[in-house]
Each structure stands twice: as structure tokens, then as C-alpha cells.
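Dear colleague,

Please find the structure below, followed by a summary of what was found in it.

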Amino acid sequence: MHSDLRVIDPLITTAYITRDHGYMVYDTLLAIDSDFKVQPQMASWTVSDDKLTYTFTLRDGLKWHDGAAVTAEDCVASLKRWAKRDGMGQKLMDFTASLEATGPKTMTLKLKEPYGLVLESIGKPSSLVPFMMPKRIAETPADKAIPEQIGSGPFKFVQTEFRPGVKAVYEKFTDYVPRSEPASWLAGGKVAKVDRVEWLTMPDSQTAVNALQSGEIDFFEAPPIDLLPALESNDEIVVRVLNSLGLQTLGRMNFLYPPFDNIKVRRAALLAMNQKDVLDALIGNPKYQQICGAIFGCGTPLATEVGSESLVKGNGMAEAKKLLAESGYDGKPIVVMAPTDVAALKAQPVVAAQLLRQAGFNVDLQSTDWQTVVTRRASQKPPAEGGWNMFFTNWVGADIANPVVHVTLSGRGKSGGWFGWPDDPEMEKLRDAFARSTDLAEQKKIAAEIQARVFEQVTYLPLGQYNGPSAWRKELEGVLDGPAVPVFWNIEKAD
């Protein structure tokens with residue numbers, strides 16, 4: 001996998017390795033298919049004529065891994081915990097009057113006013129995913145890790161074999177009853193066709209490439225681009241992009257502490273960035289990278305270049321130096337977290353640190369593994385006490401597609417925002433306006449206003465788009481495409 005697994009509560013972090021773990025163990029009420037349509041997964045639904053009441057009914061045969069039946073009360077508790085952590089869930093609850101179990105297999109969601117993203121919220125495919133858990137687990141406080149891994153998905157987590165940094169193991173849940181429809185992205189039948197899946201940690205990419213070629217491993221999620229020729233020339237290996245929506249790579253500042261609590265300093269950092277430098281270091285192959293000034297992704301209905309000139313043209317360094325000098329920045333080091341064990345996250349902090357230094361910043365580049373970054377970025381302590389000033393990550397296209405799902409845009413501050421915690425009531429007003437709108441032209445207008453505000457306030461640093469192919473041995477069949485991959489149901493392995 002692209003990272004080792006350490007954090008195993010899928011609502012504690014948006015890290016994709018934890019999301020991927022979640023899809024192994026847990027199931028969802030709804031799911032997205034390859035036509036971008038929301039489909040029933042654990043539950044079907046009906047909607048009242050006034051669009052204010054949604055009734056969800058669980059399908060038969062659903063069991064937890066401990067043998068108990070899945071109930072509506074379990075699912076209501078799961079949705080409520082998810083909604084406390086997830087930006088799209090928070091927005092859904094803003095419009096919700098009540099959510100309760102109205103029968104053993106029935107739950108009812110009543111709205112204060114019509115809201116067009118109810119199904120898209122409950123069926124969202126990526127971080128944070130509304131995974132279902134038993135009530136006793138889902139009632140764990142949202143800021144505390146759950147005590148055990150009991151889901152109702154196609155695989156069971158083997159806790160006794162879990163060795164963080166080494167291996168995670170999953171076994172087929174023999175009581176899982178898949179849907180009858182063919183698998184399509186995250187919808188349809190989740191048929192576990194292998195008895196056991198092992199995720200092995202291999203921090204050195206060349207070692208992983210060698211292991212794939214020799215048959216020691218079957219699947220390599222994110223081989224570095226510079227090692228692809230060796231895999232592409234091997235007749236026993238398949239190399240393919242599984243997520244056609246691609247990824248956006250980005251930088252995030254901590255708004256709580258100096259110097260990035262100062263908008264002039266944030267602006268100077270933005271002007272210093274250059275998407276081409278970042279993408280060339282990260283990918284280095286035009287086939288897989290794209291300079292893109294659209295915060296909702298290039299080629300999408302909401303794409304616009306508003307405010308992105310310096311990023312896409314790389315012409316802002318002189319102004320960055322001038323603005324930083326005027327900002328009152330005192331020269332104290334800024335702590336930039338730099339993971340060393342994930343190929344898709346190594347280059348960004350190194351390139352950004354150099355650009356920041358050119359602009360006049362004093363940069364303290366602190367190298368750790370990615371899981372340390374995942375844990376540390378959740379800390380609201382000052383940088384001198386184990387906190388941070390800047391980190392870098394990647395979002396899949398499904399996680400940035402609109403202003404509601406794009407959790408990086410949240411302006412809820414310390415109480416409900418994403419890591420970095422900007423407090424921006426105006427941004428929340430714009431996101432609410434988008435959520436209420438049903439007209440595409442109006443949505444595009446609001447999205448452009450939101451993008452303008454992102455660059456005005458420097459909510460984050462969009463650093464370009466890229467695609468990352470996966471590689472696997474031809475003995476594997478049934479590898480699924482999708483917006484949140486890899487998933488391991490539907491895969492068969494020849495003897």
C-alpha cells in the first residue's frame with residue numbers, strides 16, 4: 001500500500017490508508033457507481049413529496065463481525081458520529097431537524113428545509129466515509145479512537161496479527177451477504193473472492209518493485225513514476241490508473257499560530273509557490289501531471305482559474321519577497337512536516353521549503369514517517385510544543401469536487417474545521433449558499449466566489465493535479481476502478 005497503517009479509526013483521520021482500511025472492515029448505507037449515481041448498499045430509501053423526509057430501510061442479512069444483527073439504531077449512531085467529524089456531514093446536520101431509528105431496520109431523517117445533497121453526503125466515497133459501526137462503538141466520543149474494529153463489511157480485521165509498520169491482515173467474513181448487482185466502483189456486490197488479504201509495509205519502492213516482479217507480492221498501489229518503465233516492460237505485470245478523477249496535491253498552513261495567522265505572511269507563501277516545480281519533482285512525467293489553477297479540479301463543471309495566476313505561471317517570487325518584508329515576519333523558523341516514507345508525499349515539502357527560503361522564510365524542515373504527520377497534524381499545540389506550521393497532502397478528485405465535500409474549505413475554526421483550522425464565517429456562508437442552490441449556473445458563480453476567497457485568504461495552497469497508476473501481477477483479475485481505490489473485493493487470484 002502507499003503507506004503503512006497505524007491509525008485504524010476511519011473517523012479520526014482523513015488519511016487515505018485509514019480510509020482504505022475502513023473499506024475492508026466496514027460497509028456503507030449508500031455508494032457511488034461508475035455513472036456517478038448514488039445506489040443502495042446496506043439500505044434503500046424513499047423521499048417524501050416535500051423533499052423534507054428521507055426514510056432508509058436496511059436490507060436483510062446484515063450482520064456485524066461479532067455475529068449480531070445490524071440495526072437502525074447502530075446506523076443512526078454511526079451517522080451522528082461521522083457528522084461530528086466530517087465537513088460534508090456537518091453541513092448535512094446544519095439542515096437536519098432530526099435523525100432517528102423508527103423501526104428495527106428503518107431510520108428517518110427530517111430536514112429543516114430542502115437540501116439537495118442528502119444522498120451524496122451519506123454515499124460520499126472518500127474521506128471521511130460514513131462507515132457503519134455497532135452502536136456501542138459508534139457512541140465513542142468523536143475525538144476518541146474507537147476501542148475495537150467490528151464492522152459488517154466483506155473482510156474482518158485480524159487484530160492479533162496487526163503489526164503497525166509491518167503488516168495488517170484481513171480475513172473473509174463468511175457471513176457477509178453481498179448485493180446481487182455487479183460491482184461498480186463502490187456500489188454493487190462486494191464479493192470477497194480471496195480468503196485473506198495481507199498489507200505488507202515496504203518503505204523502499206525499489207524493494208517493492210522487485211517483490212512484485214518476483215511474485216513475492218501481488219499488488220503495488222503507488223509505484224513511483226520513475227520506476228514504471230521496469231514494470232511496464234514486464235509481461236507479467238499490469239500497470240493502470242484506477243482513479244480517473246486523479247489527485248490534487250496541496251499545502252496547508254496552521255492558522256492558529258504565527259506566522260500564518262497573518263494574512264500577509266500567508267499571501268507571501270502563496271506567491272512563492274510554483275506548481276511546475278512541485279509537479280516536476282513529484283511526478284516528472286507530462287503524461288501523469290497537470291498544472292491546474294482550479295481548486296475543484298480541472299475539467300470539472302466548477303473549474304475556474306480565478307486567483308491562481310502566480311501558482312500556474314510561477315511569477316510571484318518578487319512580490320512574495322516584498323510582501324513578506326512588509327508583513328512584520330520576525331524570522332522565527334516555520335515548522336514544515338516532511339514525510340519520508342510515502343513516494344507521493346516526499347517531494348512537495350522539500351520543494352516548498354526551498355521556495356519559501358527564497359522568499360525570505362526561515363524553514364525548519366522536520367523529517368518523519370507519514371503516520372507521524374497524520375497524528376501530529378491533528379495537534380493544536382504551538383509549533384514549539386510539538387505542533388506545526390505547514391504540511392502537505394493529496395486529495396482524490398472525489399474529495400474536492402464541490403464546496404461542500406471539499407473539507408479543506410471549511411471555515412469552522414478550532415471547533416469543527418479540518419487541520420489548520422481557519423475561522424472564516426464568510427466562507428461558511430458561501431458554502432451554505434452553494435448547498436441550497438439547485439441551478440448549475442448559480443452554483444458555478446458561487447464556486448468562483450469561493451475560489452476567489454480561497455486565494456484571497458490563502459485557505460490552502462493548490463499545487464497541481466496528477467494521476468498515480470497502480471501495478472499488479474496478471475494472476476489477479478477483477479481489480480476495480482473507482483474514486484477511492486484500491487478495494488479488494490471482486491479480486492480473484494489464479495492458483
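Which residues does Leu29 touch, not counting residues up to four places away in sequence? Leu29 touches Pro40, Gln41, Met42, Ala43, Leu58, Cys75, Leu79, Met107, Ile122 and Met132, where contact means heavy atoms within 4.5 Å.

This is a predicted model, in which local features need pLDDT of at least 70 and side-chain atom pairs pLDDT 80 or more, while totals for chains, interfaces and linings use all residues. Residues are numbered from 1 along each chain as its sequence is written, and side-chain values use heavy atoms, leaving out hydrogens and water.

Leu29, Tyr170, Trp199 and Phe361 touch the most other members of the largest nonpolar core, which has 149 residues. Such a core is a set of buried Ala, Val, Leu, Ile, Met, Phe, Trp, Tyr and Cys residues joined through side-chain atoms within 4.5 Å; buried means under 20% relative accessible area, exposed over 50% and partly exposed in between (1.4 Å probe, protein chains only).

There are 32 salt bridges, each a side-chain nitrogen of Lys or Arg within 4 Å of a carboxyl oxygen of Asp or Glu. One network of them links Lys91, Asp94, Arg412, Glu428, Arg431 and Asp432. Within the pair Lys91 and Asp432, the closest N and O atoms are 2.5 Å apart, and both residues are buried. Arg412 and Asp94 also pair, with their closest N and O atoms 2.5 Å apart. Arg412 is partly exposed at 23% relative accessibility, and Asp94 is likewise partly exposed, at 34%.

Yours sincerely
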